[in-house]
Amino acid sequence: MPSATPQLYQYSHVPETEENLDWADLATVDLSKYGTPEGNTELAETLINAIRKKGFFYVTNFGISQEAVNRQFAYGQAFYELPLEEKLKYVPDLDSGNYNGYRPAGRRLLGGGIPDKTEVWNMATNDGHITQPLPNLLSKNLPEIEGFAKDLHDKVLDPLNHLIALALELPEDFFTKLHRWEVHDESHLRYMKYSKFSQEEIKQLGDGLWSRGHTDLGTITLLFRQPVAALQIKDNETGEWKWAKPLDGSLTVNTCDALSFLTGGYVSSTIHRVSVPPKDQQHVDRLGLLYFARPQNDLVLNTIDSPVLKREGYTQNELERGGHKVPTMGEFTILKQTWQQKKRDGYEPDEGREIIPGFRGKYHT
């Protein structure tokens with residue numbers, strides 16, 4: 001039997017904002033329709049249109065109970081309530097691109113010279129198991145946490161990968177074979193905390209951003225719904241920034257760098273940022289629960305051989321077009337994580353820095 005669930009943070013249940021925000025109009029992939037030829041065809045079309053036009057979409061009816069989701073939020077809350085000296089025992093070598101464990105707040109200066117207040121706890125599932133050192137409150141619940149990550153892989157990631165393969169006219173198991181649970185990759189579960197800013201700090205920020213626009217480095221990112229509005233996405237078609245609405249019982253999903261490489265840019269890596277919440281939610285912290293999916297470490301990120309990509313003219317990614325060596329997923333992960341995690345005074349020092357030949361790191365405002 002799992003141990004008693006820790007008390008949930010109050011802000012897990014704060015009311016949604018009443019402000020009239022410019023919400024993104026995102027498609028929904030309803031997995032209750034998944035599993036029949038007709039349903040799969042409909043969902044594959046919905047999915048490929050969503051990730052090409054917007055890059056973000058919702059997933060509903062994915063077969064994981066809200067109780068199970070709430071328990072993970074509770075474990076995240078309990079972790080962040082630990083004393084700082086305890087959390088600091090689990091800091092990896094962040095400057096060398098290692099990321100599994102704890103990343104403390106204050107590693108970057110935001111607008112106006114304000115230190116960030118973002119804390120991150122990552123748990124990777126190497127060969128199907130979380131093997132890194134854990135604090136006792138997580139290690140005693142490890143089977144439940146691993147089981148939750150496996151449910152995300154089996155009930156969400158596998159169906160989405162199947163649907164993308166169908167949309168690209170590939171063998172149905174093409175992408176699922178690249179994301180096998182038992183094969184070593186860099187997929188991981190994350191508890192993420194954005195602590196609130198004072199009104200004076202918000203004024204000093206200037207740009208109103210907790211995190212500038214960026215892309216994720218894997219294939220797909222899954223974000224569980226929580227009611228504090230902060231996520232904004234850059235529309236692939238118009239270039240406008242829109243708020244992502246917290247939709248009840250949903251996952252918010254975005255496409256990432258590796259999927260863009262693999263599809264020759266047919267699927268874009270979606271630019272997104274994290275804003276200071278609207279005024280009626282600025283008094284609370286924001287706790288995030290995410291899963292970052294990445295294909296196996298030894299996969300070379302060449303453009304795949306897809307009939308759709310050939311017809312549409314997407315036969316080379318930017319690395320291949322430039323005649324550059326194409327890295328493996330594992331190599332790219334370490335190099336981009338090193339660029340992202342480096343402790344720095346602001347974003348500007350590393351803006352546009354070459355991460356690998358033919359690919360530069362970019363932030364977006």
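Author: Two strands pair if DSSP finds at least two bridges between them. Helices (H or I, at least four residues) and strands (E, at least two) are DSSP runs, numbered from the N terminus. Take strand E7 (residues 220–224) and strand E10 (residues 250–255): they pair over 5 bridges, in the antiparallel sense.

Reader: What should I know about the model before I go on?

Author: This is a predicted model, in which local features need pLDDT of at least 70, side-chain atom pairs count only at pLDDT 80 or more, and totals for chains, interfaces and linings use all residues. Residues are numbered from 1 along each chain as its sequence is written, and side-chain values use heavy atoms, with hydrogens and water left out.

Reader: What is the mean pLDDT of the protein chain?

Author: pLDDT is the predictor's confidence in each residue, from 0 to 100. Contact means heavy atoms within 4.5 Å. Here the chain has a mean pLDDT of 93, and 96% of its residues reach 70 or more. Residues 5–11 fall below 50; beyond near neighbours in sequence, that stretch has 23 contacts in the model.

Reader: In what order do the 8 strands of the open sheet lie?

Author: Axes are lines fitted to C-alpha atoms, for helices over the stretch in contact, and angles run from 0 to 180 degrees between N-to-C directions. Read across the sheet: E1-E2-E10-E7-E12-E5-E4-E3, with mixed pairing. Strand E1 (28–30) and strand E3 (101–103) are the edges; each has a single partner strand, so one side of each lacks a neighbour in the sheet. From one strand to the next, the twist averages 25°. Helix H1 (residues 37–53) packs on this sheet and touches E1, strand E2 (56–60) and E10. The direction of H1 makes about 155° with that of E1.

Reader: At what angle do H1 and H5 pack?

Author: First, the words for angles: under 35 degrees is roughly parallel, over 145 roughly antiparallel, 65 to 115 roughly perpendicular, and the rest oblique. Residue classes come next: Ala, Val, Leu, Ile, Met, Phe, Trp, Tyr, Cys and Pro are nonpolar, Asp, Glu, Lys and Arg are charged, and the others, Gly among them, are polar. H1 and H5 pack at about 85°, their axes 8 Å apart. So H1 is roughly perpendicular to H5. Residues making the contact include Leu 43 and Leu 47 of H1, and Leu 160 and Leu 163 of H5. By class, the contact of H1 with H5 has 9 nonpolar, 2 polar and no charged residues.

Reader: How far apart are the axes of H2 and H5?

Author: They are 11 Å apart: helix H2 (residues 66–80) and helix H5 (residues 142–167) pack at about 125°. That makes H2 oblique to H5. Contact residues include Val 69 and Tyr 75 of H2, and Ile 145 and Phe 148 of H5. By class, the contact of H2 with H5 has 5 nonpolar, 1 polar and 2 charged residues.

Reader: Which strands make up the open sheet of 4 strands?

Author: The order is E6-E11-E8-E9, and the pairing is antiparallel. Strand E6 (209–214) and E9 are the edges; each has a single partner strand, so one side of each is without a neighbour in the sheet. The twist again averages 25° from one strand to the next.

Reader: Which residue takes a positive phi in the hairpin of E8 and E9?

Author: Gly 239, near 80°; the hairpin has 6 residues between its strands. E8 and strand E9 (residues 241–243) pair over 3 bridges in the antiparallel sense.
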